[in-house]
Amino acid sequence: LKARYRRALARFKVGKLTSALGDIDRLIVGTTETSYIKLASQLRDSIYNAMEPFPKIRLERSIKGVERSKVDGNDLCLKGQNLDAVKFYTKGLWLASRVDNVPHHMLSILYSN
C-alpha cells in the first residue's frame, strides 16, 4: 500500500495524472485501512483538480453548473465564438462526470454541440 501510494504521488508530481489516478483507484479498491483510504482520497481529489480542463471557467459543481456550461456555450456559439463555446461544452462534460444524476439528455446535448 505504501509503495503504491508513493508511486501515485510521484507520478502526480511529474504530471503523469492518468497513471497516478489509476494507482490511487487500485489502492482504494484494494484496502480496507481507513488511514490509507483517507490519504488516497485526498490525493485523488488533487489529481482530479489538476486534470480539470479550462480552470479559469468557474462553474458550480452541480447539475446547475452543467446546465450553465451548455447555456454559456450556446450563447458564445450564437456570437460566432465557436472555440470558446467548445471550452464551455468540454468543461460541462468534465463537470458532469463528477456530479451525480446528470440527466442523459443534458449529456447528449453537450456531446452533440
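Modeller: One term before we start: contact here means heavy atoms within 4.5 Å. Helices (H or I, at least four residues) are DSSP runs, numbered from the N terminus. This is a predicted model, in which local features need pLDDT of at least 70 and side-chain atom pairs count only at pLDDT 80 or more, while totals for chains, interfaces and linings use all residues. Residues are numbered from 1 along each chain as its sequence is written, and side-chain values use heavy atoms, with hydrogens and water left out.

Biologist: Okay, which residues of α1 and α2 meet?

Modeller: On the α1 side they are R4, Y5, R7, A8, R11 and F12, and they meet L17, S19, A20, D23, I24, R26 and L27 of α2. Sorted by class, the residues of this contact are seven nonpolar, one polar and five charged, where Ala, Val, Leu, Ile, Met, Phe, Trp, Tyr, Cys and Pro count as nonpolar, Asp, Glu, Lys and Arg as charged, and the others, Gly among them, as polar.

Biologist: And at what angle do the axes of α1 and α2 cross?

Modeller: The axes of α1 (residues 2–13) and α2 (residues 17–29) cross at roughly 160° and come within 8 Å. Those axes are lines fitted to C-alpha atoms, for helices over the stretch in contact, and the angles run from 0 to 180 degrees between N-to-C directions. The two helices α1 and α2 are therefore roughly antiparallel to each other; angles under 35 degrees count as roughly parallel, over 145 as roughly antiparallel, 65 to 115 as roughly perpendicular and the rest as oblique. The crossing of α1 and α2 is left-handed, a word used if the near helix is turned anticlockwise from the far one by less than a right angle.

Biologist: Moving along, what does Y36 touch?

Modeller: Y36 has its place in helix α3 (residues 34–51). Leaving aside neighbours within four places in sequence, Y36 is in contact with L1, K2, L27 and T31. As for I24, it is twelve residues from Y36 in sequence and 9.9 Å from it in space, C-alpha to C-alpha.

Biologist: Changing topic, how many residues does the largest nonpolar core have?

Modeller: The largest nonpolar core has 14 residues, and those with the most contacts inside it are V66, L95 and V102. Such a core is a set of buried Ala, Val, Leu, Ile, Met, Phe, Trp, Tyr and Cys residues joined through side-chain atoms within 4.5 Å. The elements giving two or more residues to this core are α4 (63–78), α5 (82–96) and α6 (104–112), and α5 gives the most, with six residues.

Biologist: What is L95 in contact with, then?

Modeller: Setting aside its neighbours within four places in sequence, L95 is in contact with L59, E60, R61, S62, G65 and V66. There is also a second, separate core of twelve residues, which includes A8, I28, Y36 and L43.

Biologist: How do α5 and α6 cross?

Modeller: The axes of α5 and α6 cross at roughly 145° and come within 9 Å, and their crossing is left-handed. Y89, G92, L93 and A96 of α5 make the contact with L107, L110 and Y111 of α6. By class, this contact of α5 with α6 has six nonpolar, one polar and no charged residues.

Biologist: And α4 with α6, are they roughly parallel or antiparallel?

Modeller: Their axes come within 10 Å and cross at roughly 30°, and α4 and α6 are therefore roughly parallel to each other. Here I63, V66, E67, S69 and K70 in α4 meet M106, I109 and L110 in α6.

Biologist: Last one: where does N101 lie, and what is its phi near?

Modeller: N101 lies in the loop between α5 and α6, and its phi is near 60°, a positive value in a residue other than glycine. Most residues other than glycine have a negative phi. At 69% relative accessibility, N101 counts as exposed.

How values were computed:
Buried < 20%, exposed > 50% of the residue type's maximum accessible area, 1.4 Å probe, protein only.
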